[in-house]
Amino acid sequence: MIDMPAPKDILIAPSLLSADFAFLGDEVKKLEAGNADWLHFDVMDGRFVPNLSIGIPVLKSLRKVTRLPIDVHLMIVEPDNLLEAFAKAGADTLTVQAEACTHLHRTLQKIHALGCRAGVSLNPHTPIDLLEYVIDLVDFVLVMTVNPGFGGQSYIDACTPKIAHLRNHYPSLNIEVDGGIKLDTIEQAAKAGANIFVSGSGVFSSPDYAQAIGDMRRSAQGCL
């Protein structure tokens with residue numbers, strides 16, 4: 001099981017959804033060389049979100065070519081049915097959508113039993129109150145700062161107070177953010193209390209991944 005950062009440690013997790021899938025292995029090597037901390041792996045089922053993406057075979061292939069932690073975000077209905085398969089394929093973290101889990105407490109227990117870190121993702125409209133009864137099983141919370149399903153969306157400013165609210169309630173919690181995170185938005189999320197940043201086009205639209213990752217890291221660290 002991977003070590004989790006301290007809440008004051010800044011992690012950059014490029015979202016593979018924005019990578020060039022024709023050269024995915026090469027893209028991962030460039031991210032490693034660029035000092036990425038995690039690889040963010042979005043799984044979409046066309047039901048929980050209106051899109052389809054990558055799944056277990058791709059994860060299994062990637063696990064063979066990288067030692068970076070793979071941060072798997074399950075934007076799917078009935079995630080319990082696939083937790084074991086994703087864990088066996090090489091996931092280091094498994095994040096489920098709170099809105100998709102009928103028995104969230106049980107789901108988080110199962111993730112830990114599989115040897116993975118457990119994350120809970122909250123859509124922009126979802127309040128943080130539901131975390132109160134499962135927080136002892138949560139390794140990190142993923143605050144969606146766009147409506148999930150597609151890359152390249154703009155950051156929703158209304159989510160910034162939500163990040164701050166979460167940080168005030170749980171000072172020792174790792175808070176991940178995903179959606180519209182670029183050099184011009186990472187600062188407001190960091191100031192609010194986020195410390196793990198998922199970025200797709202913010203990294204992959206740059207000709208120099210190392211520069212993009214380094215610039216975002218420095219911007220976030222400057223808010224501490």
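**Salt bridges, a buried histidine and an enclosed cavity**

D92 is buried, with a relative accessible area of 17%, where buried stands for under 20% relative accessible area, exposed for over 50% and partly exposed for values in between, computed with a 1.4 Å probe on protein chains only. The model is a predicted one, in which local features need pLDDT of at least 70 and side-chain atom pairs count only at pLDDT 80 or more, whereas totals for chains, interfaces and linings use all residues. Residues are numbered from 1 along each chain as its sequence is written, and side-chain values use heavy atoms, with hydrogens and water left out.

The side chain of D92 forms a salt bridge with that of R63, at 2.7 Å from N to O; a salt bridge is taken here as a side-chain nitrogen of Lys or Arg within 4 Å of a carboxyl oxygen of Asp or Glu. This pair links distant parts of the chain, 29 residues apart, since D92 lies in the loop between α3 (83–89) and β4 (93–97) and R63 in helix α2 (residues 56–63); helices (H or I, at least four residues) and strands (E, at least two) are DSSP runs, numbered from the N terminus. R63 has 23% relative accessibility and therefore counts as partly exposed.

The count of salt bridges under this rule comes to eight. One of them joins the side chains of D139 and R117, at 3.2 Å from N to O. D139 is placed in the loop between β5 (117–122) and β6 (140–144) and R117 in strand β5, so the pair ties together parts that are 22 residues apart in sequence. D139 is buried at 15% relative accessibility, and R117 is likewise buried, at a relative accessible area of 18%. A further salt bridge connects the side chains of R218 and D215, at 2.7 Å from N to O; both residues belong to helix α8 (residues 209–221) and are three residues apart, about one turn of the helix. R218 is exposed at 51% relative accessibility, while D215, at 24%, is partly exposed.

Strand β1 (residues 11–14) is covered on both faces, with L11 and A13 buried on one side and I12 and P14 buried on the other. In a regular strand the side chains alternate between the two faces of the sheet. β1 pairs with β8 in the parallel sense over four bridges, pairing being assigned if DSSP finds at least two bridges between two strands. Within this pairing, L11 stands opposite I196 in β8.

H73, found in strand β3 (residues 70–75), has 0% relative accessibility and so counts as buried. With neighbours within four places in sequence left aside, H73 is in contact (heavy atoms within 4.5 Å) with H40, F41, D42, V43, T95, Q97, S121, L142, M144 and D178.

D178 is also one of the residues nearest the centre of the largest cavity, together with F150, G151, G152 and G179, in a lining of 24 residues. On a 1 Å grid over the protein atoms alone, a cavity is a set of points where a 1.4 Å probe fits but cannot get out, and lining residues have an atom within 4 Å of a point. The elements giving two or more residues to this lining are β2 (39–44), β8 (196–199) and α7 (201–204). The search of the whole structure finds one cavity of 30 Å³ or more, and the largest cavity holds about 230 Å³ of space, a volume being the space filled by probe spheres set on grid points that are joined across faces, edges and corners.

Note on methods
1 Å grid on protein atoms, 1.4 Å probe; cavity = no way out; pocket = protein on both sides within 12 Å on 5 of 7 lines; lining within 4 Å.
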